[in-house]
Amino acid sequence: HKMQTVIRRLRKELNSAARKKGFMLRDQFLIDDKALTLQKIKKGKAGDVKELTRLATKARNKRVLELIYSRFVDERKAIPVESISQLQSQWVALASSKKDDPGIEDEELRNLQLKVQRATVKATISDMNKRLKGDLSSD
């Protein structure tokens, strides 16, 4: 019984560390992207989903990006950005031509990225409002 408890705790620590690094959904995507489901993505931690979004965008995997967008439709599940530089590095211009942004060739993929970006910005604003209200009420 003690050995099972030790193993369970170690597994929990390893899973937690892997999730923080974004490896759980990332590894599933790399092994078999068709095994990813909306339920798995909804349960994913912020680091998992960010890394999965990066990989799916790079691989131009519309199915996974649509699943991620479906997660972001629920504003409670959208992930706020951690810094302005992160927002800038992931920014998709609203009206860019293909020569301005050669990484986005497919219009459907671009629209999905814009929808995810919109949900992320809304989540960031909401998070900032909550923090501001918390700071004001503590004064």
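Here are some friendly questions and answers about the predicted model shown above.

Me: Before we start, how are residues numbered, and what pLDDT do local features need?
Reply: Residues count from 1 along each chain as its sequence is written, and side-chain values use heavy atoms, leaving out hydrogens and water. This is a predicted model in which totals for chains, interfaces and linings use all residues, side-chain atom pairs count only at pLDDT 80 or more, and local features need pLDDT of at least 70.

Me: How many helices and strands does the protein have?
Reply: Helices (H or I, at least four residues) and strands (E, at least two) are DSSP runs, numbered from the N terminus. From that end, the elements run α-α-α-α-α-α-α. The secondary structure comes to seven helices and zero strands.

Me: What share of the residues is buried?
Reply: Buried means under 20% relative accessible area, exposed over 50%, and partly exposed in between (1.4 Å probe, protein chains only). The protein has 139 residues, and the buried part of them makes up 28%.

Me: Which members of the largest nonpolar core touch the most other members?
Reply: A nonpolar core is a set of buried Ala, Val, Leu, Ile, Met, Phe, Trp, Tyr and Cys residues joined through side-chain atoms within 4.5 Å. The largest one has 20 residues, and those touching the most other members are Phe 29, Leu 52, Val 64, Ile 68 and Phe 72.

Me: Which elements give two or more residues to this core?
Reply: The core in question is the largest nonpolar one, with 20 residues. Its contributors of two or more residues are helix H2 (23–32), helix H4 (46–59), helix H5 (62–73) and helix H7 (107–138).

Me: Which residues are linked with Glu 51 in a network of salt bridges?
Reply: Arg 54 also forms a salt bridge with Glu 51, with the closest N and O atoms 2.6 Å apart. These two are three residues apart in helix H4, so about one helical turn separates them. The residues linked with Glu 51 in the network are Arg 26, Asp 27 and Arg 54.

Me: Which backbone oxygen does the side chain of Arg 63 reach?
Reply: Arg 63 is found in helix H5 and is partly exposed, at 33% relative accessibility. Contact means heavy atoms within 4.5 Å, and beyond four places in sequence Arg 63 is in contact with Asp 33, Lys 34, Ala 35 and Leu 36. At 2.4 Å, its side chain reaches the backbone oxygen of Asp 33.

Notes. A polar contact is a pair of N or O atoms within 3.5 Å; within protein, one must be able to donate a hydrogen and the other to accept it, and residues adjacent in sequence count only if both atoms are side-chain atoms. A salt bridge is a side-chain nitrogen of Lys or Arg within 4 Å of a carboxyl oxygen of Asp or Glu.
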